[in-house]
Amino acid sequence: MRRNRILSLAALLTFLVALTGCIKVDTTIVITNDRDVAFTVRTGAKVDPNKPPQPDACADPQFQGGKKTPYNDGQYSGCLYEFTTSISGQKVDGLTITRHDGVYDMTYRIPAKAAQDGIKPEGLTSFKVAVTFPGDVVKHNGSSTVNGRTVTWTDPKDLFTAEGLHATGGEGESPSGLGFLVWAIPVGVVVLAAIVGVVIMATRKKGTSPAAPVTPTR
């Protein structure tokens, strides 16, 4: 059984802004079904040659499970978080994902604590949030763009609006992770029928001996 994945984004942002004031937030969310939501969250502070590096870029005591990897791309240094959970099990600050009326609904707002601690849109100098739905995109807001089934925001100001980042997308063919049964049953029937047919033909051939030649009588 998967444990809830808790990522305290508010605490991370507050910690990072205290370092340089220039923050990187790059989040990718892929919704496959209710039980399979994959997250890739990259947070970091701008590299300052005049300051020592972060003591522990991945020191988030609330993060449970998944994978944490420190990184330094020359411009920013921080932590890459990777984990998979369910729509009800995810615990990323400010993020909610629900499914209703045939669509998934995602809303992502700046965590209240981060706003209280003085995080501003201009402090997020590298920003991207992308969410991929299992079905077609139904609605998206702000300055977001759509590519296939993926909605992407790159303007941090959208995160600070009252609505936040908001998008809905179709649930596709397997909202609960069991969609394979829809096609597995008819395909299985066809395969089974074919096997039975082959067995019957083989049995008939095996049980039938060639007819003996008939000698004409005089």
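**View 1. Strand β12 and its buried residues.** T150 and T152 point one way from strand β12 (residues 150-153), while V151 and W153 point the other way. Each of these four residues is buried. The model shown here and in every other view is predicted. β12 has a partner in β9: the two strands run antiparallel and share 4 bridges. Within that pairing, A130 stands opposite T152 of β12.

**View 2. The β11–β12 hairpin.** Strand β11 (residues 145-147) also pairs with β12 in the antiparallel sense, over 3 bridges. N147 has T150 of β12 as its bridge partner. The two strands form a hairpin, with 2 residues between them. G148 sits in the turn and has a positive phi of about 65°. T150, the partner of N147, is one of the buried residues of β12.

View 3. A count of cavities of 30 Å³ or more gives 1. How much space lies in the largest cavity? The value is about 40 Å³. Its lining is made up of L9, L13, V25, Y108, L124, F127, V129 and L159. What kinds of residue make up this lining: nonpolar, polar or charged? There are 8 nonpolar residues, no polar ones and no charged ones. Helix α1 (9-19) and strand β9 (124-132) each supply at least two lining residues. β9 gives the largest share, with 3 residues. β9 is also the strand that pairs with β12 over 4 bridges.

**View 4. The disulfide between C58 and C79.** The structure holds 1 disulfide. It joins C58 to C79, with an S to S distance of 2.1 Å. The torsion about the S-S bond is about 105°, so this disulfide is right-handed. Where do the two cysteines lie? C58 is in the loop between β3 (36-46) and β4 (67-72), whereas C79 is in strand β5 (residues 76-85). The bond therefore ties together parts that are 21 residues apart in sequence. C58 and C79 are both buried. Another cysteine, C22, counts as partly exposed, because its relative accessibility of 23% falls between the 20% and 50% cut-offs.

**View 5. Strand β5 and its two partners.** Of the 10 residues of β5, 8 are buried, so the strand is largely enclosed by the rest of the structure. β3 pairs with β5 in the antiparallel sense over 10 bridges. In β5, Y81 stands opposite V41. β4 is also an antiparallel partner of β5, here over 6 bridges. K67 stands opposite E82 of β5. β4 and β5 form a hairpin with 3 residues between them. In its turn, G74 has a positive phi of about 95°.

View 6. T84 lies in strand β5. Is T84 buried or partly exposed? At 26% relative accessibility, T84 counts as partly exposed, because burial requires a value under 20%. T84 and T40 are 44 residues apart along the chain. Their C-alpha atoms are separated by 8.9 Å.

**View 7. The side chain of N33 and two backbone nitrogens.** N33 is placed in strand β2 (residues 23-33). With a relative accessible area of 8%, N33 is buried. Which backbone nitrogens lie within reach of a polar atom of its side chain at the distances given here? The backbone nitrogen of R35 lies 2.9 Å from such an atom. The backbone nitrogen of D36 lies 3.0 Å from one.

**View 8. D101 in the β7–β8 loop.** D101 is found in the loop between β7 (95-100) and β8 (103-108). It has a positive phi of about 50°, although it is not a glycine. Most residues other than glycine have a negative phi. Is D101 buried or exposed? Its relative accessibility is 77%, so D101 counts as exposed.

Conventions: Residues are numbered from 1 along each chain as its sequence is written. This is a predicted model: local features need pLDDT of at least 70, side-chain atom pairs count only at pLDDT 80 or more; totals for chains, interfaces and linings use all residues. Side-chain values use heavy atoms; hydrogens and water are left out. A disulfide is a pair of cysteine sulfur atoms within 2.5 Å. Buried means under 20% relative accessible area, exposed over 50%, partly exposed in between (1.4 Å probe, protein chains only). A polar contact is a pair of N or O atoms within 3.5 Å; within protein, one must be able to donate a hydrogen and the other to accept it, and residues adjacent in sequence count only if both atoms are side-chain atoms. On a 1 Å grid over the protein atoms alone, a cavity is a set of points where a 1.4 Å probe fits but cannot get out, and a pocket is an open set with protein on both sides within 12 Å along at least five of seven lines; lining residues have an atom within 4 Å of a point. Grid points are joined across faces, edges and corners, and a volume is the space filled by probe spheres set on the points. Ala, Val, Leu, Ile, Met, Phe, Trp, Tyr, Cys and Pro count as nonpolar, Asp, Glu, Lys and Arg as charged, and the others, Gly among them, as polar. Two strands pair if DSSP finds at least two bridges between them.
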